[in-house]
Amino acid sequence: MKKKHAVTGFGITLLLILGIAVFFYFNFQTVVVSGPSMEPTYLNGRRLLACKAYGLVGGIKDGDIVVLKGEKKDDYFIKRVYKLEGEIVDFANVPEDWVITQGDYKVPPGHIFVLGDNREHSEDSRVWGAVSLDKVIGKIISR
């Protein structure tokens, strides 16, 4: 006698939960604030949720807070997007190596200009220059 396999509501629910868990695993990451550069917005040690598929929660725009890859494997930085590609950065925030006689500093294509909220204690685009979009790990979605 041949056995029939029935798909039950419980089985469908388990598959749905598994699918959601896999989706969250690959598209979201918890990050921890390290240092004073984002104070007073985020204090040292605060846990935040970053969406790797930031297209799902809206593209990157001025004012968003993003997580950027550092030089080392597990190193990252949390900074606020100040200007997008093609936008002009005011003279108070241009990169340190920018000479004012060169004129306006315009963010290059495929890059963003990021700053820490605590400017006195932040190493950011004023030191590094504009950051390539491929360095963006995700966009912070928790406040």
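View 1. L18 belongs to helix α1, residues 9–27. L15, L18, V22, Y25 and F26 make up a nonpolar patch on the surface of this predicted model. Together, the five side chains of the patch have about 580 Å² of accessible area.

**View 2. Seven strands form an open sheet.** The order is β1-β2-β9-β3-β4-β7-β8, and the pairing is antiparallel. β1 and β8 (131–132) are the edge strands, each pairing on one side only. Helix α1 packs on the sheet, where it touches β1 and β2. The direction of α1 makes about 45 degrees with that of β1. Strands of a sheet pair through backbone hydrogen bonds, in either parallel or antiparallel fashion.

**View 3. β1 meets β2.** Strand β2 covers residues 47–51. β1 and β2 run antiparallel and are joined by 5 bridges. Which residue of β2 is the bridge partner of V31? The partner is L48.

View 4. E39 and P40 are joined by a cis peptide bond, with omega about 5 degrees. P40 is found in the loop between β1 and β2. Most peptide bonds are trans.

**View 5. β2 also pairs with β9.** Strand β9 spans residues 136–140. β2 and β9 are antiparallel, with 2 bridges between them. A50 has I140 of β9 as its bridge partner. C51 stands opposite K139, also in β9.

**View 6. K139 and D64 form a salt bridge.** Their side chains meet at 3.1 Å, N to O. How many residues apart are K139 and D64? The separation is 75 residues, so the pair links distant parts of the chain. K139 lies in strand β9, while D64 lies in the loop between β2 and β3 (65–69). A search of the whole structure finds 5 salt bridges.

**View 7. Confidence along the chain.** The protein chain has a mean pLDDT of 88. Of its residues, 93% reach 70 or more. Among the elements, strand β1 (residues 28–32) has the lowest mean pLDDT, 86. Strand β7 (residues 111–115) has the highest, 96. Where pLDDT is low, the predicted coordinates should not be read in detail.

Note on methods. Residues are numbered from 1 along each chain as its sequence is written. This is a predicted model: local features need pLDDT of at least 70, side-chain atom pairs count only at pLDDT 80 or more; totals for chains, interfaces and linings use all residues. Side-chain values use heavy atoms; hydrogens and water are left out. pLDDT is the predictor's confidence in each residue, from 0 to 100. Helices (H or I, at least four residues) and strands (E, at least two) are DSSP runs, numbered from the N terminus. Patches are made of residues with over 30% relative accessible area and no salt bridge: like charges are joined within 9 Å, nonpolar side chains (Val, Leu, Ile, Met, Phe, Trp, Tyr) within 5 Å. Accessible areas come from the Shrake-Rupley method with a 1.4 Å probe; for residues, only the protein chains shown count as cover. A salt bridge is a side-chain nitrogen of Lys or Arg within 4 Å of a carboxyl oxygen of Asp or Glu. Two strands pair if DSSP finds at least two bridges between them. Contact means heavy atoms within 4.5 Å. Axes are lines fitted to C-alpha atoms, for helices over the stretch in contact, and angles run from 0 to 180 degrees between N-to-C directions.
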